[in-house]
Each structure stands twice: as C-alpha cells, then as structure tokens.
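Student: I would like to learn how to read a few features of this structure. Please give the general idea for each one and then the case at hand.

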Amino acid sequence: MFELINKNGVFLLKSTVLKSNHAFSTRIGGISELEHTKGLNLALGRGDDSATVLHNLEIFSSALGINPTDVISVPQIHSNIVKAVTQEDAGRGYYYSNGFSCDGYITVEKDLPIGVKTADCVPILLEGRNENDEVVAVSAIHAGWRGTADRIAEEAIKKLCDLEVKVQNIYVAIGPCIDECCYEVGIDFAEQIEIKLGQNYKNKYIKSKENGSIYADLKGMNFEILTSIGVPFQNIDVCSYCTCCNENLFYSHRRQKGMRGTHLNVIVK
Ligand SMILES: [Zn+2]
C-alpha cells in the first residue's frame with residue numbers, strides 16, 4: 001500500500017512493502033518558483049538555478065532523514081543499465097561530475113542513497129532480503145517505455161540475485177507514473193513492445209479506443225516482467241496515482257509538454 005506522508009510540509013509517497021528508508025517525491029514542499037517547476041523540482045537543467053535545485057534536495061533529504069551530499073543520481077539515458085555503486089560514488093550527479101550515465105543503481109552499502117529521476121516515467125524501488133528478512137541490497141530504476149521494453153526491471157532482479165538474494169525475497173514498489181488513462185502512444189510503440197516483450201504484452205497492456213487512439217500501461221508491463229521471473233505478486237506494491245492526471249502532486253512531461261520539473265525517487269539501505 002502506498003501512503004502519502006506530510007513531513008513538515010514536504011509530501012512524500014512511501015510503500016508499506018519496503019523496509020528500507022525510501023520515498024517517491026511529489027512537487028509539494030519545495031522552493032522552485034518558475035511556472036513549470038513550481039514546487040520541489042529535483043533536477044538540474046530544467047530552468048531552476050542550481051542553488052534552488054540543491055536547496056530542494058536539502059529539503060527532500062531532510063524529510064527523508066538522509067544526507068543530501070550523499071545522494072547518487074546521474075543523467076539517465078533510457079537504457080537498461082543498472083550500475084553497482086559504492087561510497088566512492090556518493091554525491092555523484094548533484095555535487096560532482098557524473099562520471100557515467102545509467103538508468104538504475106544497486107548497492108549493498110548502508111547509508112548510501114540512490115535515486116532515479118522521473119516525470120511520467122516509472123520509478124521502481126527494490127530491496128533484496130536474506131533468509132533472516134534482513135535487507136542485503138537495494139536498487140532504484142528508471143523505467144521509461146524504452147527501459148521497460150529492454151527489461152530494466154529484470155536487470156535489477158538479476159543483479160540482486162547475483163548477490164545471493166532469492167527472488168522470492170525481493171520486494172518492489174512501483175511508483176507514480178503516467179497511467180493508461182493518459183499515456184497515448186503510437187503504432188510504432190505498440191510494434192516495439194511486441195518485438196521486444198512479445199505479443200502477450202502488446203495484447204494485455206496496449207489498448208485501442210473506439211476512435212483509434214492507443215493507450216499503454218507501463219505499470220502493468222513492469223509488474224508482469226517482475227512476476228514472470230519469480231517475484232511473488234504479493235511482494236509488489238503498485239502506486240495508483242497517475243502523474244499526468246494529478247497536477248497538484250506531480251510534474252508531468254506529457255501534460256506540461258516537456259516544460260516541467262522533475263521528481264526524485266530514493267532508497268537507502
Ligand atoms: Zn492519467
């Protein structure tokens with residue numbers, strides 16, 4: 001179950017399936033004042049000056065109880081690359097040079113916050129536990145449609161299993177993203193999904209309306225990718241919010257036609 005929490009005026013979404021400290025940001029609680037970023041914009045390069053973005057990161061981090069200068073979140077490239085990170089990478093992306101690009105992270109280290117940025121794409125936070133129900137590793141991934149089609153969720157699961165986590169001991173929160181109510185796509189999108197994920201995914205998660213327009217369900221696709229490789233469905237929490245429908249809570253690339261702020265979605269072991 002997802003809960004919307006008000007922490008000193010900062011609104012965060014948290015999932016009850018995860019034991020690890022984590023949060024999906026909303027736009028409520030920040031100091032950005034531009035029309036399109038108003039609120040808690042957490043990305044550089046969207047129009048806010050860097051001091052404003054770093055101040056927002058401090059506000060968000062304080063609400064979450066983490067150190068802002070430790071947060072790792074580098075530019076994303078719509079790939080399926082999930083990078084293992086360590087304390088040496090702390091602060092990478094916000095406070096010092098990116099060094100690499102990727103769309104996901106995994107770490108076994110404590111107190112090392114990893115975060116993915118979204119504004120309609122699917123943020124997914126994961127944790128792998130041992131037989132004593134202790135968290136062994138955490139992961140955060142950014143699944144846009146390309147990452148979804150290239151099975152980035154499966155990459156994260158494989159990397160958790162490489163750490164000798166059993167797949168049935170993996171817990172997953174699929175965060176707020178653009179939902180099928182608003183996510184209109186083209187024929188080429190449907191074809192790519194069929195090529196990369198198979199006809200079953202196309203039939204189940206891409207629906208045509210009577211007027212011929214086509215809508216896609218990225219949450220459903222990622223849910224099925226996870227369960228098809230063995231993550232128990234009861235271990236997966238899916239946020240019901242659509243970022244495009246809920247203007248008060250979320251930035252949306254689609255609704256705002258590209259002129260928008262960005263959310264950060266963080267997990268820390
Ligand atoms: Zn919607």
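Student: How is the handedness of a helix crossing read, and in which sense does helix 3 pass helix 6?

Tutor: A crossing is left-handed if the near helix is turned anticlockwise from the far one by less than a right angle, and right-handed if clockwise. Helices (H or I, at least four residues) and strands (E, at least two) are DSSP runs, numbered from the N terminus. Here helix 3 passes helix 6 in a right-handed crossing. The two pack at an angle of about 35°, with their axes 9 Å apart; axes are lines fitted to C-alpha atoms, for helices over the stretch in contact, and angles run from 0 to 180 degrees between N-to-C directions. The contact is made by A153, E154 and I157 of helix 3 and by N222, I225 and L226 of helix 6, where contact asks for C-beta atoms, placed from the backbone, within 7 Å.

Student: What kinds of residues make up the contact of helix 3 with helix 6?

Tutor: They divide into 4 nonpolar, 1 polar and 1 charged. Ala, Val, Leu, Ile, Met, Phe, Trp, Tyr, Cys and Pro count as nonpolar, Asp, Glu, Lys and Arg as charged, and the others, Gly among them, as polar.

Student: Where do the coordinates come from, and how are residues numbered?

Tutor: This is a predicted model, in which local features need pLDDT of at least 70 and side-chain atom pairs count only at pLDDT 80 or more, while totals for chains, interfaces and linings use all residues. Residues are numbered from 1 along each chain as its sequence is written.

Student: Which residues of helix 3 are buried?

Tutor: A residue is buried if 20 or more other C-beta atoms lie within 10 Å of its own, exposed if 12 or fewer, and partly exposed in between, with C-beta atoms placed from the backbone. In helix 3 (residues 152-162), the buried ones are I152, A153, E155, A156, I157, K159 and L160. After helix 3 comes E164, with a positive phi near 65°.

Student: Why does A140 count as buried?

Tutor: A140 is buried because it has 28 C-beta neighbours inside 10 Å. A140 lies in strand 8 (residues 135-143), and the residues it touches include Y105, V116, L125 and V266.

Student: How is a sheet described, and in what order do the strands of the open sheet come?

Tutor: Strands of a sheet pair through backbone hydrogen bonds, either parallel or antiparallel. Two strands pair if DSSP finds at least two bridges between them. In this model 5 strands form an open sheet in the order 1-2-3-14-6, with antiparallel pairing. Strand 1 (2-7) and strand 6 (114-118) are the edges, each pairing on one side only. The twist averages 30° from one strand to the next. Helix 1 (residues 50-64) packs on the sheet, touching strand 1, strand 2 (10-15), strand 3 (21-25) and strand 14, and its direction makes about 50° with that of strand 2. Strand 6 is joined to strand 14 (residues 263-268) by 5 bridges, and T118 stands opposite H263.

Student: Which strands does strand 9 join, and in which direction do they run?

Tutor: With strand 7 (residues 122-129) there are 5 bridges, antiparallel; with strand 13 (residues 236-238) there are 3, parallel. L126 stands opposite V172 in strand 9, and the bridge partner of I174 in strand 13 is V238. Both faces of strand 9 are covered: I170, V172 and I174 are buried on one side, Y171 and A173 on the other.

Key:
Two residues are in contact if their C-beta atoms, placed from the backbone, lie within 7 Å. Lists of a residue's contacts leave out its neighbours within four places in sequence.
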